[in-house]
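Let's take a friendly walk through a protein model, one piece at a time. Keep the picture open while you read.

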Amino acid sequence: CALKGNYVHDALYMFWLNSSLHRHERLPKKELFALQDRLIKKQINIAYNHSRFYRRKFKEANIKPNQIKGYSDLIKMPTTSRQEVIQNYSDFIIKDAPYGIRNTSGTTGELLSIRFTKHQYFLNHLLLGRFFRRLGATHGDCVLNIHNMNSPFKFFTQLRPYDAIYLRYDQIEEALATIKSHSINIILSSPHVLELLSDRISFAKKRDFKFLISWGELVPETRKKRIEKAFNCPMYDLYGLTEMPLVAAECKKRNLHINSDVLSLEVVDDDKQVYGRRGKIVVTDLFNIWSPLIRYESGDMGALSSRTCACGSEFPVLSNLEGMLNDIILLKDGTKITPVQLMYAMYSILDAKKYQIVQTAKQRVNVLVVCDPDKFFSIQQRIKNTLRQILIGFDIHIERTKDIPLIGGPGKSKFIISLDR
């Protein structure tokens, strides 16, 4: 999208925002949560005063904006689903003349367009820069970003702690050539793309990579270790929603830290905010004033950890992230089998390079496996024996394939696809 406006004003705002994000990282936990509460109150008032959709939700819940004083009061409001926003889009949207539009991938079958200001566009890039700095990126590093997040602002390069080269998901050959010809030492992309590169990285000019960044899908540990071994460097995860700023980023201690200075993340179970146990992830964007998402159902599950991370960050830790709710497989007795349970079960199948479990009927799954032909028979028996202990009563069909199809958007593959996707 074309972002318009006064160049000097934009540059000054971006420098101010970058400084603020740095300052927030050094805030004590009490001050960080106080900042978040102020932003929540501000965003609630914007949504109530300018969105007909949220005024109706407040009225139906019989609450007023002044009753929401911060994070702990958010539970008084009902959650907001993607379906609700799509059905009430004209009332939901505050301004329909955006600087940018971000579309969800349509995994659920319905596309949602979120309007955002250029200030929020700046924010997304600066959050990524903050994350990179946390992992040790410095001036002189060169990032290969295989994504669609290029920045048209020349002054942005002065704020991020690295140089960057941008390519599309389908430019694998160009990516390999870039690794050969440039001093690439950080790569950002989906696990699927990183795996494609790792399969062929021996043919490229080897580099001393600092780290890899993956986003967009849960990665089984065996698959992650295989990619890390190929590049001889650690791989860290991002957790985000297309509709939101960057939600959480992994630190060097392997904990996902929530960006609580730009959004609010709740874990909800039985209509209560819960800590230390798994529940539905509900997120409130504290910066988008044109498409305000208040208590938005992410479709993911996780837990809020109360532990302090050894990395020194005061940002809250998100743990037990379990992926999309519509990836959960239901047994006949109503037991929920989550993606993480199936991931752990498949850890022992080391010869399977990639796999995908597709539920085709209530009591049937097809398992697609990428492996060497001479190992398929052995893998087939081990997968059946493993999954029969979890998917009790299921008919399990296993098929060898050359690759796993992409589902859920460019560069993304899903390893669990339930019947209710």
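Is Glu195 buried or exposed, and what relative accessibility decides that? Keep that question in mind, and keep in mind too that this is a predicted model.

## A glutamate in helix α8

Here's how it works out. Glu195 has a relative accessibility of 4%, and the cut-off for calling a residue buried is under 20%, so Glu195 counts as buried. You'll find Glu195 in helix α8.

Who does Glu195 touch, once residues up to four places away in sequence are set aside? The list is Arg223, Arg226, Ile227, Lys353 and Lys354. Two of those names, Arg223 and Arg226, come back when we get to helix α9.

Start with α8 and helix α9, which spans residues 221-231. These two helices pack at an angle of about 45°, and their axes are 9 Å apart. Angles from 65 to 115 degrees would be roughly perpendicular and those under 35 roughly parallel, so α8 and α9 are oblique to each other. Their crossing is left-handed. On the α8 side the contact is made by Pro191, His192, Leu194, Glu195, Leu197 and Ser198, while α9 brings Arg223, Arg226, Ile227, Ala230 and Phe231.

Now look at helix α7 (residues 172-181) beside helix α8 (residues 191-200): their axes come within 11 Å and cross at roughly 60°. That angle makes α7 oblique to α8. This time the crossing is right-handed. From α7, Ile172, Glu173, Ala175 and Leu176 meet Val193, Leu196, Leu197 and Arg200 of α8.

## Helices α2 and α3

How are helix α2 (residues 29-50) and helix α3 (residues 52-61) angled where they pack? The angle is about 105°, with the axes 5 Å apart. That makes α2 roughly perpendicular to α3.

The residues that meet here are Ile44, Ala47, Tyr48, Asn49 and His50 from α2, and Arg52, Tyr54, Arg55 and Phe58 from α3.

## One side of α11

Helix α11 takes up residues 376-388, which is 13 residues. From its first C-alpha to its last it reaches 18 Å, close to the 18 Å expected at 1.5 Å a residue.

Which residues of α11 are buried? They are Phe376, Ile379, Gln380, Ile383, Thr386 and Leu387. These residues cover an arc of only 140° around the axis, so they sit on the same side of α11.

## A serine in a strand

Let's switch to a strand. Ser264 has its place in strand β10, residues 263-269. With a relative accessibility of 0%, Ser264 counts as buried.

Val283 is 19 residues away from Ser264 in sequence, yet their C-alpha atoms are 5.6 Å apart in space. Val283 is also among the contacts of Ser264, leaving aside neighbours within four places in sequence; the others are Gln36, Ile40, Tyr71, Leu74, Val282, Thr284 and Leu286.

## Stepping back

Time to zoom out. The protein chain has 11 helices and 20 strands. Of its 421 residues, 56% are buried.

What share of the contacts between residues at least 6 apart in sequence join residues at least 24 apart? In the protein chain, that share is 65%.

How values were computed
Residues are numbered from 1 along each chain as its sequence is written. This is a predicted model: local features need pLDDT of at least 70, side-chain atom pairs count only at pLDDT 80 or more; totals for chains, interfaces and linings use all residues. Side-chain values use heavy atoms; hydrogens and water are left out. Helices (H or I, at least four residues) and strands (E, at least two) are DSSP runs, numbered from the N terminus. The expected span of a helix is 1.5 Å times one less than its number of residues. Buried means under 20% relative accessible area, exposed over 50%, partly exposed in between (1.4 Å probe, protein chains only). The arc is that of the directions from the helix axis to the C-beta atoms. Axes are lines fitted to C-alpha atoms, for helices over the stretch in contact, and angles run from 0 to 180 degrees between N-to-C directions. Angles under 35 degrees count as roughly parallel, over 145 as roughly antiparallel, 65 to 115 as roughly perpendicular and the rest as oblique. A crossing is left-handed if the near helix is turned anticlockwise from the far one by less than a right angle, and right-handed if clockwise. Contact means heavy atoms within 4.5 Å.
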